[in-house]
Structures are given as C-alpha cells and as structure tokens.
Amino acid sequence: MHKPELLAPAGSKEALIAAVENGADAVYSGGTSFSARQYASNFTDEELERAIDYAHMRGVKAYVTVNTLVKDSELEDACKYLQFLCNAGADAVIVQDMGILRLMREQLPELPVHASTQMTLHSVEGVKFLKEMGVKRVVLARELSLEEMRRIKSETAVEIEAFIHGALCFSYSGQCLLSSMIGGRSGNRGYCAQPCRKKYRLSEMEGYLLSPRDLNMSEHIGALVDAGIDSFKIEGRMKRPEYVAGVVRVYRSLIDRYLESPGSFRVLKEEKHMLRQLFNRGFTTGYFSGNPGSELMSRRYPHNRGTELGRVIDYEPRKKMVSVALKAPLRIGDGIGIGESGIIIRTMYADSQRINAAVPGSTVKIPLGDDISRGDFSRGDIVFKTYDSRLMASLETKVTKKIPIRMAIKARIGEPVELSINDGENEVAVQGMSAFKAKNKPLSRKMIADQLKKLGNTVFEAHEVEFETDDNIFIPVSELNSLRRDAVSQLENRRAQKWKRRCSKPVIPEKSLERKNPESRPILSVNTGSIECLEAAIDSGADVVYIGNEPQMNADERRFPDKENLSYAIEYGKDKGVSVLISTPRISKESGHLSMELDSDGFLVANLGVLYSLQRLDARKIIVDYPLNIFNRLAMKYFLNYSQRVTLSPELTLNEIKNLAASGPVECIVHGLFPLMVSEHGLVRGLFPGDRLQDVCLKDEKGFAFPVRTDIQGRTYIMNSRELCMLEYVPDLIDADVNCLRIEAKTYDKKTAGEITRAYREAIDNSICGKKTDKQCNDSGEYTTGHYFRGVL
C-alpha cells in the first residue's frame, strides 16, 4: 500500500527535534528571510544548515520555505540564499513567487521545487502549468474536496501535498490583502497580523465572523492514503515544540496503524483527547466532503479552546474569585480559558484550603486577579482547560532516536590503533597512537567496548564491537575517547555530505534602462460587472473594458456571464472602437470551460489554470491580472511570454512600479474597490441562510466598514473599507511609465462608473498635453492611495 510522507513544522530547533523524535518523515522550516512565518523563531543560515544536517543524519527530509513574494530590490539576496540552500542540501524549496520559481528551474535544476499553497493551486490545469515548469510537488489549496484532490492527482501525476491538521485561513492563501491594507503587514510577505481572528459585526450579528475552526483529518487518514496523497502536512511553525511532538506522535501512529490493518482502523479516545488538548478552536474537516457551510467557523472563540474543564457556578467580585464545578482534573500550572480571556493557575482553593490539584466532580475557587474581568463571563459559562501542564511535561522531547552502528577496533602492540565504524551505508576508519604491552593490568575487551560505546548525545548507538587485538595490551582511555570522537565526527560528516551540493549562484538579468517614449499615451481600462456599467465606461472614454461576473455586485442589473449579454457587450465595444475583454475568475476549478467561441478581444487572466487553458491564444489577447501576484521583474518577464501586459500587485509602491515598468508593459489599479479577501465560505449566506441580503458591510472594532459581496458560486469577497483613488497622481503614474491605468468599477452603478471614467480620461489627456487637472478625490477619509506611497513589510 502507498505510504504517505508525514510532514511536520519545525519553526524552532526544539520543534525540529520534537518532530524528528516523534516520527516525522520530513520537516519544513524557514530562515530569517523570505519565509511566510516571519513571527516564528526561524533559523539563521548557520542554524538552518545544522537543522538540515540534523534531519538528514536521522533519515528525515528537510524542506525550506522561500514562500513569500520577493521585491525586485531583494532578488540578489534571494539568489545568494537559494545558492546557500542548494549547497546545504535542502531536499526541496517551497516557493510562492513565480519569478523565483522560474529562476530556480532555469539555473538551479538540482534543487527540487515545491509550489506553496500561497500559489492558490485549485485546478488540474493550474497544476499542469507548474508541472511543465518543472515543479516536483504542489501544496494544494485547503478549499479542495477529497474528490477534487484525487482528480488532480490522477490527471497530473504530480506529487500532492495536503494539509491534515492545524489552523485554516478564511481567505484562499495567496489571495488575502486584508492585513496588508489595514496595517501594512502583508500576508504575502510573511507578516500577516491575523485580522481574521478579530471581532466584527455584520448587520445584527457580532463575533469572530472570519475565524475558522482548526483542521483535523485524523478520522479520514484512510481516505487520504487511498486517494494517493503523497504528503500529509501539519500546520504550525509558530506552535510550541510540545504541540509538534504530540500532533506528530498521534498522526504517526494513525498512519502506521492504517497501513498495517485498514479494516480495524479507528482513532483512539486518548488520541482525540490529546489533539483537542494541544490546541483547537473547535475542529473541522474543512472542505474534505464539500463545502461545510457554517460548520467551518468558530465565531465565538477565536483562540485555543483546549478541552472542557467545567462550568462557572459563582463569582465573588470583592475577592475576584470564580467558583468552577470540575468535570476534568485541574492542577497548579494548568491554563484555563473563561469567555475571551485566560490565565495560568497559580493558586486555587477547595473547602477554604489551598490545594495543588483537584479531581473531576469537585468545586474549586480560582483567583482571577485583573487578568479576567467580570464582563468576560457569566454563571453557567463553560471553562476550558487550554494548557495541561502534565501533558506538556510528558511531551518534552528527549532524544531517543538513534542510528545503530557497528564498531571494529584493531590493536597490535607497536602498531597504530585503528577504529572503524559502519552505519550500514557508510564506513569510516581512524588511526591513533600505537598500542603497547601492559606493564601491570591490561585492558579487557569489555573495558574497551564500554569506553567506545559512550556515544552520549550523538545520533549513534553501538550494537556491537568487533575486536582484532593482541593479548596483554594497553591503550590509554583518553586515546580510546579521542578515536571514538574522531570516528563519529567523520561519520556524521560523511552522512551529511551525501546531501551537500556544489551549486552556482543564480544570475539575475540586468535591469532594462529603456524608458518609454515620453509622448506615448497610456490607456485607460475599466473592469465592469454589468451591461449598464460597461456602456457607461465605453461612452465616457475607456480604451479597454473588462467584463465578468466576479463578484456579483448589483443584482438588479444585467449580469454576466450570460452569453447573450457577453455578445452584446462585445459588439457594443466594437461599434465604439473600444476593446472588450472577458475577465476570468481568480478561482476556477474547471478552467477549461471558457467562452472561447465568443469573438472578444481577449481575456483578463487571474489564475494559472485559465492561463494554461488559453496558452494556444496569441499573447496579444491575454492580460495577466493582479491575483497572480507579480512583484518583481523575473515574474513579470515570465508572464509577458504569455501576455501583452501584466497587472502589478497592489502591494507595490509607485517607485517600485516605476522600476518594473522599464522591463515591459504594465497595468496598475488606480481607482475603486477591489477584494481584500476571497473565500470559498459563504459568509452572508452562512449567517443569514434564508435572506438575500445585498450591499452588506463587515464592521471592525474601529468602525471601518468593509463591503461584502457574493459571486454566483457563493464565494465571499471582502472589499477594502476605503476606495482607492489616484486621480490627482495621474501625472506621476504616467511619469512612472505605467502603460494602462485601471478603474475597478464592479461596485459602481452606471452613473458612478461614467463619472469616474470621465474624470480619469480628462486627467490622462490633460497630463499628456501638459495641463493640470483640477479634479481630485476629497480628503474626507473615504479614499486611500493604498500602498503607492507607503508599501508593505
């Protein structure tokens, strides 16, 4: 039977040891740069090479994350880092940035590449695209069902890695700009501030409305094995080592038991308890069996629930003392959660006596101090045990995983002593000083063997020692110790060197210094979602109009992708001399079903699957859209092989855009609302199942309102709270050589779309003629310039 790899997080040295010692087949770690978990401990280069060696010497694979978007100014450092990882012997690098991916396939072919879940891979065609680039493995989007994963595996034959346990994101990974736009901390750069775990209000509903439960696939290990999934991935590079130890231990046992006896497989009660106690926000199987609806979400508790400890039965305000009726044991040092707060138990009482432990069925009084306010809970509320000190102590990792070796010592009087050790694959031999005849008490074989077997904290243990020695011989103990240390050191190096490589540093193409003809006129594009909006944009001066159905904005207007409406829109544009392109969705699990027969001027492409399906088209009919996260000239030049121009990431500054524009034609979003989150979960439908709410907003704790929209597939789009407006900076955009300025008009009615299009048409024309425009966005706080002048971490 196919045996999957168990892949564990190693966000620190301690977590690495925990993962290896508890049965991981592979680990994934990050360095201090280019890692999507910049708040984890991570590893310096020196520490990372030692971590790779540590894993390899114990027969465990080591993958390294380079899974952030890389700025153009960082490419040289990224190349040095990739060379280092290649030389250090990383088994693969996990990558998000298409420019980095292409660079590696062309210049570091010996270093395997795994495509990160940050690449939003969700279709057969998208995986095929990367397979043709030379990607060995893909980490699929967590929004796929088992059947969809099975289909991708069978139709691509690429290695498939799937998450089986840990935290889930509300948004598709790689498609979230919420943290970035709120506070400049980009999830695409490893600095996500986790705004999905904050409190929001939508209509009359309030809570942690964007907070999903944690994934737990323990009950479905057999189905994943049978589907041929190659690697089972545990999330958690920011989790403590004990968490890694416990979760890896459970899944190691589950996988092994299923492979040994599929028919009798079940998850044991104590295993379920351990997974709950270690960390959970409530568990879900995610999209494994299809869309789970509201069962996906943990709207009351965004933090660890652990296990149920008991219930609040009383509170003494003067003493700030809560009484809890226990249904599980409680000890000093345990952590509890009440309402939205938590504490570590330092003191507790039963029958007015201070105690160190309490049993189920008893009632304890716990001083809360100022850590938890009375408003956080009520009588009858559940109290959770969020930290079990005894369990955590049992999971503190002790190094026990050893590699058996065979030792052989040759000692003849008057000849150098020789010690050889063999691990079954490698053999090394070292020589020391000459042995001599014992004057008094000779060394026995047992004494020699006992000394040689003192391997301490090394990865080895000696099962046998062979002897070829004279009688009545003497060797100083210090010499035996020295021989042992030298031999072990050489064997460690020999084992580690098997994975080392000699790689050249990738060379980055020189920047283009060409600037556009100063007389060239940028074009104006408008992205629309209805016939009325399209007509208004065309009649108001747009050069290019995109039409599509993501997301649904105005239910009372004529929608796309109805073919009759699309045909009408295309003809309307032709009559007015305006290019009309079909805007394809960023999430498209069936990428082959496109309206190819329509005579449009081309396609705006937002995912790799659609791009794969349209490869046969003339590149002049393709515009690459911003959800493909183009951040540097390497990614830009790669996508220009398939398109006439690329839309740059909205996380870039104007100066960064100017540098990239020298390398080819670029488009930038300059006005409108665009999605900061794209989720498979139907937020509005989940909260209000029977209602058809339109134009609702999600309000955060600071009062900012984020419009929420739903597309025809039921996916949720959370828009920016403030409208992007670069109207007064049109001359600066033109000076930066931006070829196409785009208005995102899908949230607009006909009147607004026409007014904004005319304003930008006038601003562009005036700038080309050297005139100033008197139109600008007001400073009421309704507008933002996005990242054009502030950028992201």
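The largest pocket holds about 970 Å³ of space. Pockets were found on a 1 Å grid over the protein atoms alone, as open sets of points where a 1.4 Å probe fits, with protein on both sides within 12 Å along at least five of seven lines. Volume is the space filled by probe spheres set on the points. The pocket is lined by 46 residues, and Arg-37, Cys-169, Cys-192, Gln-194 and Glu-235 are the closest to its centre. Lining residues have an atom within 4 Å of a point. The lining comprises 20 nonpolar, 18 polar and eight charged residues.

The model is predicted, with local features requiring pLDDT of at least 70 and side-chain atom pairs pLDDT 80 or more, while totals for chains, interfaces and linings use all residues. Numbering runs from 1 along each chain as its sequence is written, and side-chain values use heavy atoms, without hydrogens and water.

Helices α2 (residues 45-57) and α3 (residues 75-88) have axes that come within 10 Å and cross at roughly 30 degrees. The pair is therefore roughly parallel (angles under 35 degrees). The crossing of α2 past α3 is right-handed. Asp-45, Leu-48, Glu-49, Ile-52 and Asp-53 of α2 contact Tyr-81, Phe-84, Leu-85 and Ala-88 of α3 (heavy atoms within 4.5 Å). This contact has six nonpolar, no polar and three charged residues.

Helices α14 (residues 531-539) and α15 (residues 563-576) pack at about 10 degrees, with axes 11 Å apart. They too are roughly parallel. Residues in the contact include Ile-531 and Leu-534 in α14, and Tyr-568 and Tyr-572 in α15. By class, the contact has six nonpolar, two polar and three charged residues.

How values were computed: Axes fitted to C-alpha atoms, helices over the stretch in contact; angles between N-to-C directions. Helix = DSSP H or I, 4+ residues; strand = E, 2+ residues; numbered from the N terminus. Parallel < 35°, antiparallel > 145°, perpendicular 65-115°, else oblique. Left-handed = near helix turned anticlockwise from the far one by under 90°. Nonpolar A, V, L, I, M, F, W, Y, C, P; charged D, E, K, R; others polar.
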